Amino acid sequence: MFGVWCMYVLGAGVRLWLMNSSGADFITKRVEFSTPLNSWKRVEEGVFLYSQGIPVYSGGVFHETPLCLLVSNFLIRTWQSYLPLVFVACDLLTAACLATVAASYGRKQLIEQKKNVDKYSVDALPLLLTSESLWSGVAYVSAVYLFCPYTIASCVAQTTTVFDNLVLAAALVAMVRGYPLVFGGLVAVATYQSFYPVCLLVPGIISLVQEDSTSALMKPLLSFLSSLGILMIASVEVAGSWEFLEATYGFILAAPDLTPNIGLFWYFFTEMFEHFRLFFLATFQINAFVYVLPLSIRLHRDPVLLATALLAFTAVFRSYPALGDVGFYLALLPMWKHLHPFMRQTFIVGCMFVSTSVLGPIMYNLWIFNGSANANFYFAVTLAFNTAQIFLVTDLLFAYVKWEYQLINGSKVEVDGGPGRLTLQ
């Protein structure tokens with residue numbers, strides 16, 4: 001327990017030290033962390049316009065929701081000197097929530113394993129989960145979130161992704177703990193803020209139905225719809241009209257701002273002919289949701305893994321992604337460290353993550369400041385980075401399928417009743 005407290009204190013110390021260092025301003029301006037949707041500089045400008053009675057959503061600068069504007073106005077005017085502490089505290093709470101998710105998920109895994117132990121193969125003993133390995137995964141989840149460079153820099157840059165991650169983590173806690181009404185409300189808040197988390201309804205409902213039969217089906221849906229409706233009505237009261245819809249969700253869907261980021265949209269739509277824009281825009285946006293149904297069919301027995309995979313795909317295919325989104329789902333991966341022996345691309349993926357994280361800022365500076373490169377250099381790095389994410393998720397899912405298969409059928413390969421051998425042709 002003392003070691004866990006030290007880990008949290010160290011994580012907070014690193015963030016506060018960087019916030020007060022000379023590099024804080026550099027991190028804040030990095031396009032990998034701050035986007036038009038989560039930049040705190042834009043939030044401050046929106047609060048200033050709001051305080052002067054100027055329409056916030058008419059200038060194309062502020063794209064946060066009206067309730068976020070209201071909360072930000074309170075924080076900036078009342079807690080301005082303590083804002084770094086607010087961001088750090090939210091990050092620590094997120095790490096604690098993810099640890100709670102890992103602990104609850106581990107207990108469910110052990111219970112499920114005990115129920116199905118008679119179905120497992122006789123040589124599947126080395127593949128069985130143990131309480132020691134699962135509990136070590138809980139500490140790893142917190143450690144990864146607290147010390148991942150992506151989440152640290154996102155907190156130092158004071159992006160609103162920090163708050164979004166906290167809401168998502170709390171929603172996952174409600175999902176694994178079996179609180180349908182709370183889960184629906186929190187997913188509504190997350191969807192209200194950034195639209196894409198609506199896909200979490202599917203794994204959440206699957207998980208809750210498994211816990212409480214079909215009676216849990218309507219509770220999260222009703223909670224989600226009623227909460228989202230209340231949030232929209234409150235937003236109209238704050239904004240004075242429905243104009244905010246075009247500046248928030250319309251901005252997310254149409255992606256009119258082509259400022260470079262780690263995503264795939266900006267480069268393609270810079271080069272795109274205007275009369276093709278709508279078609280490819282729909283194609284790109286569908287990518288964030290098209291995997292929900294097939295993954296739900298295959299991973300219905302493990303809703304937490306399903307939720308993690310969907311978070312990973314939305315981090316890749318959303319219109320304005322940031323490294324803070326990537327760091328969030330990476331922190332969940334230690335829950336499946338027992339699948340590591342079945343993964344085949346960890347070295348390649350690790351090298352791709354490291355190389356692209358280093359080369360990204362270099363190529364950006366060569367392009368924007370030195371003029372000795374062009375947009376192709378930076379986009380090539382972002383394309384490789386997103387490819388690495390796809391490799392990581394697919395490798396994890398294939399490892400899960402292999403592990404699940406060998407639990408039931410064993411690791412021995414037999415052909416016509418005799419020992420077989422797999423060969424590459």
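**Aromatic pairs**

I counted 30 aromatic pairs, taking rings of Phe, Tyr and Trp (its six-membered ring) as paired if their centres lie within 6.5 Å, with planes under 30 degrees apart called stacked, over 60 edge-to-face and the rest tilted. I note that this is a predicted model, in which local features need pLDDT of at least 70 and side-chain atom pairs count only at pLDDT 80 or more, while totals for chains, interfaces and linings use all residues. Residues are numbered from 1 along each chain as its sequence is written, and side-chain values use heavy atoms, with hydrogens and water left out.

I looked up Y150 and F385, which form an edge-to-face pair at 6.1 Å centre to centre with 80° between the planes. Y150 lies in helix α7 (residues 149-156) and F385 in helix α20, so this pair ties together parts that are 235 residues apart in sequence; helices here are DSSP runs of H or I with at least four residues, numbered from the N terminus. Y150 is buried at 9% relative accessibility, and F385 is buried at 5%, where buried means under 20% relative accessible area, exposed over 50% and partly exposed in between (1.4 Å probe, protein chains only).

I then turned to Y364 and Y378, also an edge-to-face pair, with 5.4 Å centre to centre and 65° between the planes. Y364 sits in helix α19 (residues 346-370) and Y378 in helix α20, 14 residues apart. Y364 is buried at 12% relative accessibility, as is Y378 at 1%. Both belong to one aromatic cluster, whose members include F265, W266, W367 and F379.

**Salt bridges**

I counted six salt bridges, each requiring a side-chain nitrogen of Lys or Arg within 4 Å of a carboxyl oxygen of Asp or Glu.

In the pair D25 and K29, the closest N and O atoms are 3.2 Å apart. The two residues are four apart in helix α2 (residues 24-29), and are therefore separated by about one helical turn. D25 is partly exposed at 41% relative accessibility, whereas K29 is exposed at 61%.

For E32 and R30, I found a salt bridge of 3.0 Å, N to O, with E32 buried at 6% relative accessible area and R30 buried at 6%.

Last, I looked up R301 and E404, whose side chains meet in a salt bridge of 3.0 Å, N to O. R301 lies in the loop between α16 (292-298) and α17 (303-317) and E404 in helix α20 (residues 375-409), so the pair ties together parts 103 residues apart in sequence. R301 is partly exposed at 48% relative accessibility, while E404 is buried at 14%. Salt bridges that share partners join R298, R301 and E404 into one network.
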